[in-house]
Amino acid sequence: MKVLAAVKRVVDYNVKVRVKADGSGVDLANVKMAMNPFCEIAVEEAVRLKEQGIASEVVVVSVGSTGAQEQLRTALALGADRAILVETDDGLGSLAVAKLLKAVVDKEQPQLVILGKQAIDSDNNQTGQMLAALSGYGQGTFASHVEIREGKVTVTREIDGGAQTVSLRLPAIVTTDLRLNEPRYASLPNIMKAKKKPLETVTPQALGVSITSTCKTVSVQAPAARSAGIKVKSVAELVEKLKNEAKVI
Amino acid sequence: MTILVIAEHNNSLLAPVTLNTVAAATRIGHDIHVLVAGQGAGAVTQAAASIPGVSKVLVADNAAYAHQLPENIAPLVASLVIEQHSIYSHVLAAATSNGKNILPRVAAQLDVDQISEIISVQSPDTFKRPIYAGNAIATVQSDAAVKVITVRATGFDPVAAEGGAAIVEPVETVCNAGTSSFVDEVLAKSDRPDLSAAKIVVSGGRGMQNGDNFKHLYALADKLGAGVGASRAAVDAGFVANDMQVGQTGKIVAPALYIAVGISGAIQHLAGMKDSKVIVAINKDEEAPIFQVADYGLVADLFEAVPELERLV
């Protein structure tokens, strides 16, 4: 069966972003970009399914600017077979991305689509669920374990109170949580090989998808800063401060 | 303008976070309905009907809704919005693992964008929400006919649980997509307060070294009546279960007192706790970034400091 994994190009997770002075957004000039960490886990899971002989082909897809080719090449180096870039401006809303992915799903007909649960830039946590809705597929979000057997996927999900397991009829959508797997590093030979793997570019127009949004960002501000307090010298002093100054215990 | 709030519950108890979601709804408008979709959730329905400010509780009682499967609940919510002759201007749910699972599916079915994890209401169509792990706050405006929104509980003080008398109305619509089924659930059992509701939270990080050492934090927490959390590093290392993770992609907490023990303070962790009223950091590395947000920092070996703290509080 074919597995599709979606990846997003985002600010590297180690970067502490700065808000632009004019409030129009965050400053992304000369900032290190990387594959969204949850998407790395999605690619890893897809590649493992291929290594286990469950998946026959792993296709990776990204929706974004030309720069996202870099993240697609990384995914190819990690073991994906071919890549598709839906070339658009960056910063599309989750619904538009889900519609574009739906068009790719219609064309590719994968049995399983794996996405990260959340991108660490917009922090939306929507795209996988929306793709599932548009496709009419079942969804296993926040997955910590995935098992495929007899036309079904069993997904263990990280939920607020613990863990929940659901069974979904294939085709289905899975979104990854942190504990699903530990992504590998790409080896140098695989990075070289990835350069020769096919990477196709399509446009939203060619897919027949409108990317208009019902939502716009009016402004972006820095959060209220929290200033560092004081250092206490001993546990006794700490307890005294908490009781008499902060009055929280 | 009527606001539909999806109740968060487990068929027997209405989760307190629903009260925070209703609080957000009251900032938007005055006519508030609550949907209780579940099975045999009579007590939940009663609790929802008692929330002041709620005028109507819709009850969808069916086996298909027993486990909150989004494949069944989302079409139910979408059908309510469509069938109620567009009386609903907003659909709200708590930004819990359940709300996050269901609501984007509702938004996609209604062909509107969702606004995730709002922390304030500027006007009925304009909201503030954190992005980039809380390092920026976006003000977003929606022109959708129905605004679909998840609410971050820490942004809104809960409304009272008692005092209302809403009318209760059954919903006959049964949506059973047949694409998914519930297998089982393993819920952490703890006598300690729930992390997201606790007034005091004690959290441990990589510095705890192993899961067994968390006993020091449990002892301190029990003395303080606190909930116990953890950093991602501690969860990834297998010290404790995932439901204890505080951070950008885990639980967001804002207690009166947050005690971070052996936590360095990665931005992803800070995103989950920096709105706490008072932050205490105990770490032996005086350069740890956690000290930059802590009101009270103690540079010390946690294995000496925590037991001493437990004795003194």
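User: Hi! Which residue stands opposite I230(A) in strand 16 of chain B?
Analyst: That is Y296(B). Strands here are DSSP runs of E with at least two residues, numbered from the N terminus, while helices are H or I runs of at least four. Keep in mind that this is a predicted model, where local features need pLDDT of at least 70 and side-chain atom pairs count only at pLDDT 80 or more, while totals for chains, interfaces and linings use all residues. Residues are numbered from 1 along each chain as its sequence is written, with chains lettered from A and ligands numbered from 1 in the order in which they are written.

User: How many bridges join strand 13 of chain A to strand 16 of chain B?
Analyst: Three, and the two strands, residues 230-232 of chain A and 296-299 of chain B, run parallel. Strands pair if DSSP finds at least two bridges between them.

User: And how many residues of chain B are in contact with chain A?
Analyst: 72 residues of chain B, facing 67 residues of chain A. Contact means that the C-beta atoms, placed from the backbone, lie within 7 Å.

User: New topic: how many helices are there in chain B?
Analyst: Eight, along with 16 strands. Its radius of gyration (over C-alpha atoms) is 21 Å, close to the 20 Å from the globule rule (2.2 Å times the number of residues to the power 0.38) for 313 residues, so chain B is as compact as a globular protein of that length.

User: What box do its C-alpha atoms fill?
Analyst: Roughly 65 × 40 × 40 Å, along the principal axes of chain B.

User: Back to chain A: what is V60(A) in contact with?
Analyst: Leaving aside neighbours within four places in sequence, its contacts include A5(A), V7(A) and A80(A).

Definitions and conventions: Contact = placed C-beta atoms within 7 Å.
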